[in-house]
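I opened the notebook to record what I looked up, one chain and one interface at a time.

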Amino acid sequence: MATTAPEAPAQEVGAVQAFTVTLIVRRFDPEKDAEPYWQDFDVEMYSTDRVLDALHKIKWDQDGTLAFRRSCAHGICGSDAMRINGRNRLACKTLIKDLDITKPIYVEAIKGLPLEKDLIVDMEPFFESYRQVQPFLIASSKPEKERLQTIEQRARFDDTTKCILCAACTSSCPVFWTDGQYFGPAAIVNAHRFIFDSRDEAAQVRLDILNDKEGVWRCRTTFNCSEACPRGIEVTKAIAEVKQAILRGRP
Amino acid sequence: MTTIDAPRTPVNRTRRGVNLEKWGWMYMRASGVVLVVLIFGHLFVNLVAGEGVKQIDFAFVAGKLTDPFWIVWDTLLLWLALIHGANGMRTLVNDYVTKPKVRAALHFALASSTAVLLILGTLVIYTFDPCPAGADPELVASFCSTL
Amino acid sequence: MSTETTMTPTASAVHHHQFDVVIVGAGGAGMRAAIEAGPNAKTAVISKLYPTRSHTGAAQGGMAAALANVEEDSWEWHTFDTVKGGDYLVDQDAAEILAKEAIDAIIDLENMGLPFNRTPDGKIDQRRFGGHTRDHGKAPVRRACYAADRTGHMILQTLFQNCVKLGIDFYNEYYVLDLLLSELDGERRAAGVVAYELATGDLHVFHAKSIVFATGGFGKIYKTTSNAHTLTGDGVGIIWRKGIPLEDMEFFQFHPTGLAGLGILLTEGARGEGAILRNASGERFMERYAPTIKDLAPRDIISRCMVQEVAEGRGAGPNKDYVLLDCTHLGAEVLETKLPDITEFARTYLGVDPVHEPVPVMPTAHYAMGGIPTTIKAEVLADNETVIKGLYAAGECACVSVHGSNRLGTNSLLDINVFGKRAGKYAVEYANSADFAPLPEDPSKEVREMVERLRVADGPERLAPLRKTLQEEMDKNAQVFRTEESLGSVTTTIQELRDRYQNIGIQDRGKRFNTDLLEAIELGFLLDIAEVVVFSARNRKESRGGHMRDDYPDRNDADYMQHTMAYLVGDLHSANPEDHIRMDWKPVTITHYQPMERKY
C-alpha cells in the first residue's frame, strides 16, 4: 500500500476556483538598477494560498532573480516580513483571500532599513538595537534547581515572549522611518520581556537605557506596531508599560 | 507610493549626561491637563458667561487684565500653551524633516519664534495700560474715568 | 581574527578566517554548543539564516525531563520509553545519557531565562506526551516541560539571547558548502569549512581545529512536511560527499498531526492536553490500536493507524482523505492559554476554529532519526569505530543514536540541548589540546568551481519542476508505508532527476543575494540525500519504527537488529545507486533492555 499525499484540503475548506492575481513587486538589484522600480507579475492562485506561495510561483516559474527571505512558511521564523498593500505583514501568514484581489497586490520590502535587493533589507541595524537593550536574563543567584516563579509572575510578561524578531513592528514605525537611532518597538518589546520577568535583576539598567532621547519617549503611540505584529503582541501597550516603569523608577 | 529607504540617521547612540526627553514627555501630559482647564475656563468666561460673545471689546479685555487673577491665568495659558505647541511642533519636525541642516534651521526658527512670542506676550500682560491717555472714553473701561 | 582576502582569476573574492572552534548551524544544537564553546575557545557560528530563523523555533510541545515536578518519575523510566519508542534500535548508553542529563539541561535553560509554564507552587510545569510513560509503560506520565505551545521558540530565543550575552561571533547568511579534511600524523582530521556569503557572493575559508555540524534535517525531500524551506540537508549532504557514512537514513518520522494538505505542525501537546483523533464516523480509532495509551502512542504508530484508517475508507472530508483532531472538549481557555499558536494556525490556514470544530490532520514529514553517525561525545565516525578527530555533529543532522527507528515527541529539543552541549564541550577540549590541521592547497577550489559553474549554468532544466517531482514522488513512494515496488519506482525517478540536474539552468547571474543559485545547490543536496534514504529503505526488509514496509510487515530482529551504515563509494554521479553506495551494518548498543514486542 503505497500511500498518497492528501490533496489540498483547500478544496473542501475554501473556494476551489483558481484565479489570476496580479502582483506588483518593487524590484531592486544594486548590481543592475540605479533606482528601485515596480514590476507586474500575473500568477494563478487559489484563495487559500498565501502571498509567499505567489512569490514562490514567480520565482520558480517566471523570474528566478526575484530575491526574498523565507524559511518556515508558517509565521514562526520571522524571515518574510514585507509590506503588502502598504501594510507590514508576514508573506506566509497573509492569505490571498484576505486581500482584495480585484486590485493588484503591491509587495515591497519593509521600510526604514537599508534595501539590499528586491524584498531583502539589511537587518543589522535592527539587531544592533536589539542587542543594546541587553536582551538576556541577568540574575546573580545560581540556584541548584529552577528559580521559582508564580503563574501570575510568569503571565506578567507572557505577551512579549512571543516576539520572533521579524522587524514588522519596527519597520512600520514612522518615528523609526526618519530616525534610525530610535530603538524601535521590537527592541523595547524584548526589553519589556526581561524588565517584567520576576527572576531578572537588571530592570533598572534597561529602564535607564530606554530612558533616552532615542528611547521610549520617542514613541508617538500611532499603534502601527501593534497593528503590524504578526504574533498579535500588544506592542504599543508594552511600550507604555515601560514608560510607566521609568516614571515609577521600578518595574 | 512613497518610498522610504534606509533610516536617515544611522545607529550611533552616545549617552549624554542630561536627558530632557522624559521631562518633555511628562511636560506634554501635565501641561495638557492644566491647559484643558485654562482654555475652557478662558472660553467660558469670554464667550458664555455674562452677555456672551457680544461683551468682548477693548474695555472687557482691559478690565480682565487689571485683575491679578486673570493676569496669572493668562500668563499660565500663554507659557504652557506656547511651549506645549512648540514642543509638539518640534516632534513633528523630527518626524518629517530628514535633512539635518533643514531640521536644525527649523528647530532654530521654532525656538526663536517661541521665545519672541513668549516675551511679547508676557510684556503685553504685565505692561498693559488699560486707560491709554487721550483715548475715546467710549472705548475704554468705565473705571478709567474715575482715574 | 586573521582575515585576508585574495581575488581568484574568476573574480570570486575568497576571505580567510581562523578559529579554534567553528560551529555550522545556529539552531538549538549549534547555539547550545556555542554557549559551551564560546567562553573557552575562539568560536564562530556560521549559519545560512539569522539564528532566530532556525527551525528549532517551530518546535511546539515541550522538552522531556524526569523532573518529577508534578508526579512520580525517574530518568530510568525515561530511558526505557526512549528505547522502546525507538523500537529497540536505540543505542542504550546514549539514551541513558539523554535521559540522565535531561534534568540538568532543563535547569540550565531555566537558569538562562527560559520562561517555562509554572505549577501553582512556582516550579516548572510538565505535561503528557506520546510514548512517555510511568514505570515502563503502565500509564502516561507528565514529563514534558513546556512554554505554552512555543517551547522550541522559547529555547531558540533563550539560546540566542545567551549567545548575545557571551558576545559569540556569528556569520549569518553564510552557506557552508564544503568540509575540509586533511591528513595530520597519518590521521584524517577536520581542517575547516568553506562558506558562501549570500549578501556578496564571496567565499570564506574558515580554518579551525574543531568543527561542529549542527545543520538540522532534510524534510524538504518530501512535499508534505512540517520542515522549513531551508531544511535541505546541506550539512548531511556535505558529510556524505566526503565519503563519511550516514546512519539509519531510512528512518524518517511522519508526525501524525500536520494540517491536512499543508503539513504545518499541530503539536502532540494537544493530545497531551486531551485532544482526540477521530475518523469520519467520529470513532476514537486509536482505542483499537493502542488500548492503553490510545492517542498518546508514539508517532510512528499513530501515523500508520491514520493512514490505514484513510486507506480503509474511514477518512473524513469529501475526499475521505484525512482524519480529525478533536480539541473541542478542551474548552476555549485551555486552547488560548496552553495551545495558542496551533489554535491560530488552524484558524489562519484552514479557516477552522478548534474551539468549535475538529481540525483536519494527516501525517507530515517531520524528523530524520538518521544522519551523521557520532559517538556519545558527539564525535563523527568514519566507520563503526574510527573517530574523525576535530569533527563533531549534534542535533537532527546527527545520529547518536538516541532515537533509533522512531523518536519520541519532546526528545528532539532534549537531544539538541544534551548533545549540543556535549559537542561544544568536547570540541573545545580537543581544540585546546590539538594543533591546526593544515588546510589543503587551494581550499576553496571545489566550492569555487561549483559556484562559478552554476552561476552561468544555462541548461534547459529548471530547478523548481525537478524539486517538485522529487518531493511528490517521495511523498507517494517513500512516506509512511513503503514497498519494494514503490521504493524501486522512486529510485528510478531520482536517477532521472539526477541526470536532469546536470543540465540545470539558473536565471540569476548576480552575486548579491543570489538565492536562485543557492536553491540550485540545495537541490543537489536534496537529490543526494533522497537517494541515500531510498537506498537504505530498500535495504531494510523489515518494518520497524518509522520504517514500515508493507511487503515485510514484521520486525525482524534476527537480521535487522542493527544500524544501517551507507557509504559513498565511487562516482557520486553514476546513474545506478548500487554503483556508488555501499551498505554496511553497525551493532546496536544494548545495556539493560532486551528487545521485546512493542505494544502500547
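I note that the model is a predicted one.

Entry on the fold. I looked up the secondary structure of chain C and recorded 17 helices and 23 strands. I then checked the radius of gyration of chain C, which is 23 Å and close to the 25 Å that the globule rule gives for 600 residues, so chain C is as compact as a globular protein of that length. Along the principal axes, I found that the C-alpha atoms of chain C fill a box of roughly 70 × 50 × 50 Å.

Entry on burial and contacts. I recorded that 70% of the 600 residues in chain C are buried. For contacts in chain C between residues at least 6 apart in sequence, I noted that 73% join residues at least 24 apart.

Entry on charge. I looked up 64 positive and 86 negative charges in chain C, and their mean positions lie 2 Å apart.

Entry on the interface. I recorded that 77 residues of chain C are in contact with 76 residues of chain A. The size of an interface is often given as the accessible area lost when the parts come together, and I looked up that value next. Chain C and chain A bury about 6600 Å² between them, with 52% of it on carbon and sulfur atoms.

Terms used. Residues numbered from 1 in each chain as written. Chains lettered and ligands numbered in written order. Predicted model: local features only at pLDDT ≥ 70, side-chain atom pairs only at ≥ 80, totals over all residues. Heavy atoms only, no water. Helix = DSSP H or I, 4+ residues; strand = E, 2+ residues; numbered from the N terminus. Rg over C-alpha atoms; globule rule 2.2 N^0.38 Å. Buried < 20%, exposed > 50% of the residue type's maximum accessible area, 1.4 Å probe, protein only. Contact = heavy atoms within 4.5 Å. Lys, Arg positive; Asp, Glu negative; His and termini not counted. Charge placed at Lys NZ, Arg CZ, Asp CG, Glu CD. Buried area = accessible area lost by both parts, 1.4 Å probe.
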